[in-house]
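Subject: Structure handover

Hello,

I am passing this structure on to you, with notes on what was found in it. Please look it over before reading further.

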Amino acid sequence: LVLLLNQLCVVLMQNVHLLDLFFCSTQQHGQQPGGANQTNFIIFSLSIPFVHRDGSIGHQARDALLLCMSLSQKNANIGTYIANHSSMSPVLVTGLCGLYSALPNSIEIQSIDWFRITADDVNEMPELTLFMNSLEFCNAVVQVAHPLIRDQLLDFLYQGFLVPVLGPAILQVSLSIFMSCFY
């Protein structure tokens, strides 16, 4: 399914005129049951649950979603739909928080002059690889998405990850280092 969704997104990027086959407004095709006035972008919606998967499935889902984000720059209706009617930003930030919590609390230092995480360190820890993939995907979305999506994702990242998750973690480490200096 994810491979098919990815290939459909590639075709849509090459043939934007086919977008109406996969993105339809209920205003064009009648009201939804119950009178809901929404739009559907089925390729996008079906790809979201696979965004944090490991391996080729996750990679293909992220590529498909990134192509949809690029389409949102060309079509304001897609940008509005993703920002207002999809769960993309909450799913990305919630997944990022979950992946961050799965990271080890400490990394064993191999040398005295160690001061940063290298590509080899990332490759040796699958949890770190997943977290970095998610973080890089969020960065890519911010770079290519419609301004509504970009602003929404940045707000969710700030309010849902940086302040409540990363901030206390950084302060906790700083506090423990500070306390160890006095004891």
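Leaving aside its neighbours within four places in sequence, which residues is N6 in contact with? The answer is Q60, D63, A64 and L67, where contact means heavy atoms within 4.5 Å.

Some ground rules before the rest. The model is predicted, so local features need pLDDT of at least 70 and side-chain atom pairs count only at pLDDT 80 or more, while totals for chains, interfaces and linings use all residues. Residues are numbered from 1 along each chain as its sequence is written, and side-chain values use heavy atoms, with hydrogens and water left out.

Overall picture

The chain has 10 helices and two strands; these are DSSP runs numbered from the N terminus, with helices being H or I of at least four residues and strands E of at least two. In sequence order the pattern is α-α-β-α-β-α-α-α-α-α-α-α. The chain has 183 residues, of which 33% count as buried. Buried means under 20% relative accessible area, exposed means over 50%, and partly exposed is in between (1.4 Å probe, protein chains only). Among contacts with a separation of 6 or more, 67% are between residues 24 or more positions apart.

Helices α1 and α5

N6 belongs to helix α1 and is buried, with a relative accessible area of 11%. Helix α1 covers residues 2–14 and packs against helix α5, residues 55–74, at an angle of about 25 degrees, with the axes 9 Å apart. Axes here are lines fitted to C-alpha atoms, for helices over the stretch in contact, and angles run from 0 to 180 degrees between N-to-C directions. The two helices are therefore roughly parallel to each other; that label applies to angles under 35 degrees, with over 145 being roughly antiparallel, 65 to 115 roughly perpendicular and the rest oblique. The crossing of α1 and α5 is left-handed, meaning that the near helix is turned anticlockwise from the far one by less than a right angle (clockwise would be right-handed).

On the α1 side, the residues that meet α5 are V2, L3, L5, N6, C9, V10, L12 and M13. Their counterparts in α5 are I57, Q60, A61, D63, A64, L67, C68, S70, L71 and K74. By class, this contact has 13 nonpolar, three polar and two charged residues. Nonpolar covers Ala, Val, Leu, Ile, Met, Phe, Trp, Tyr, Cys and Pro; charged covers Asp, Glu, Lys and Arg; the others, Gly among them, are polar.

Aromatic pairs

A search of the whole structure gives four aromatic pairs. Rings of Phe, Tyr and Trp (its six-membered ring) pair if their centres lie within 6.5 Å; planes under 30 degrees apart are stacked, over 60 edge-to-face and the rest tilted. One of the pairs is F41 with F44, which is stacked at 6.1 Å centre to centre and 5 degrees between the planes. F41 is buried at 1% relative accessible area, and F44 is buried at 0%.

Another pair, Y100 with F161, is edge-to-face, at 5.7 Å centre to centre and 85 degrees between the planes. Y100 lies in helix α7 (residues 88–101) and F161 in helix α10 (residues 147–182), so this pair ties together parts 61 residues apart in sequence. Y100 is partly exposed at 23%, whereas F161 is buried at 3%. Ring pairs link Y100, F131 and F161 into a cluster.

Regards
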